[in-house]
Amino acid sequence: PELFRRQLQYLKSQGFTTITFDDLWNVLIHEVRPSEKSIILTFDDGWKNQYTFAFPLLKKYKMRATFFIFTNAIGHKNYFNWDELRELVEAGFVIGSHTKSHPYLQKLSLIELRKEIVESKNILEQGLHMPVTAFASPFGYDDVAVAAMLKEAGYHTGRTLRWGATHTKEDLLNLSSFQVTDDFEAFRAIVD
């Protein structure tokens, strides 16, 4: 938590504002002008420590984030429950899909892949009573078939773990990103 606090302080001190994947979608599709220093913060899986430590710090520093949840874990020990997910939404945070069971997508048949992508979206939308338009692939996998299924299911964006921060409307379902570790200097290098 202390390292995360330091990272948020650094983002604030450098003039960054947080946006969502829907904001990025609007920038690229509708050519809405973003703030000059925009960043998207994401958290994967729905671990309880994200609620306990990250959520209060994000609120304190007035930063938004997207929490990618795999739905089979909701309500299990060490993971978010539905009340916590709804609290995040009410506070202005975004919930995205991270599949049902967090599988290696490349090992699934097309039928299993569709089930993971579509059913997780449906579960989240029913539980939160709102559209879910952002998806993050477990283990960052990206593929033409995955992108096609995301589009068919109604997602606007899909995040991978390909290294990078330059995006176009053609890659909205295969967005690149940076993984942040416990190395503060590496974090600063990514941000700078």
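Trainee: What do the buried residues of H2 pack against?
Mentor: Strand E3 (42–45), E4, strand E6 (134–136), strand E7 (157–163) and strand E8 (175–177). Packing here rests on contact, meaning heavy atoms within 4.5 Å. Helices (H or I, at least four residues) and strands (E, at least two) are DSSP runs, numbered from the N terminus.

Trainee: Before I go on, what sort of model is this?
Mentor: This is a predicted model, where local features need pLDDT of at least 70 and side-chain atom pairs count only at pLDDT 80 or more, while totals for chains, interfaces and linings use all residues. Residues are numbered from 1 along each chain as its sequence is written, and side-chain values use heavy atoms, with hydrogens and water left out.

Trainee: OK, back to H2. Which residues are buried there?
Mentor: In H2 (residues 21–29), Phe21, Leu24, Val27 and Leu28 are buried. Buried means under 20% relative accessible area, exposed over 50%, and partly exposed in between, using a 1.4 Å probe on protein chains only.

Trainee: Why are they on the same side of H2?
Mentor: They cover an arc of only 115° around the axis, so they sit on the same side of H2. The arc is taken from the directions from the helix axis to the C-beta atoms. As a general point, an α-helix has 3.6 residues a turn, so residues three or four places apart point the same way.

Trainee: And what happens at the start of H2?
Mentor: A side-chain oxygen of Thr20 comes to within 3.3 Å of the backbone nitrogen of Asp22. Just after H2, Glu31 has a positive phi of about 55°.

Trainee: Switching to H4. Which residues are buried and which are exposed?
Mentor: Glu84, Leu85 and Leu88 are buried in H4 (residues 82–90). Those buried residues fall within an arc of 100° seen down the axis, so they line one face of the helix. On the other side of H4, Asp83 and Glu90 are exposed.

Trainee: What covers the buried residues of H4?
Mentor: The cover includes helix H3 (48–60), strand E4 (66–69), strand E5 (94–97) and helix H5 (110–128).

Trainee: What caps the N-terminal end of H4?
Mentor: Asn81, with a side-chain oxygen 3.0 Å from the backbone nitrogen of Asp83. After H4 comes Gly92, with a positive phi near 95°.

Trainee: How many bridges join E4 to E5?
Mentor: Four, and the two strands run parallel. Strands pair if DSSP finds at least two bridges between them. The chain goes from E4 through H4 to E5, a right-handed β-α-β crossover. Right-handed means that, with the strands pointing away from the viewer, the path from the first strand over the helix to the second runs clockwise.

Trainee: New topic: where is His98?
Mentor: In the loop between E5 and H5. His98 counts as buried because its relative accessibility is 1%.

Trainee: Which side chains does His98 have polar contacts with?
Mentor: Asp45, at 3.1 Å, and His102, at 3.2 Å. A polar contact is a pair of N or O atoms within 3.5 Å; within protein, one must be able to donate a hydrogen and the other to accept it, and residues adjacent in sequence count only if both atoms are side-chain atoms.

Trainee: Last one: which residues have the most contacts inside the largest nonpolar core?
Mentor: Leu8, Leu11, Leu58 and Phe67, in a core of 40 residues. The largest share, five residues, comes from H3. A nonpolar core is a set of buried Ala, Val, Leu, Ile, Met, Phe, Trp, Tyr and Cys residues joined through side-chain atoms within 4.5 Å.
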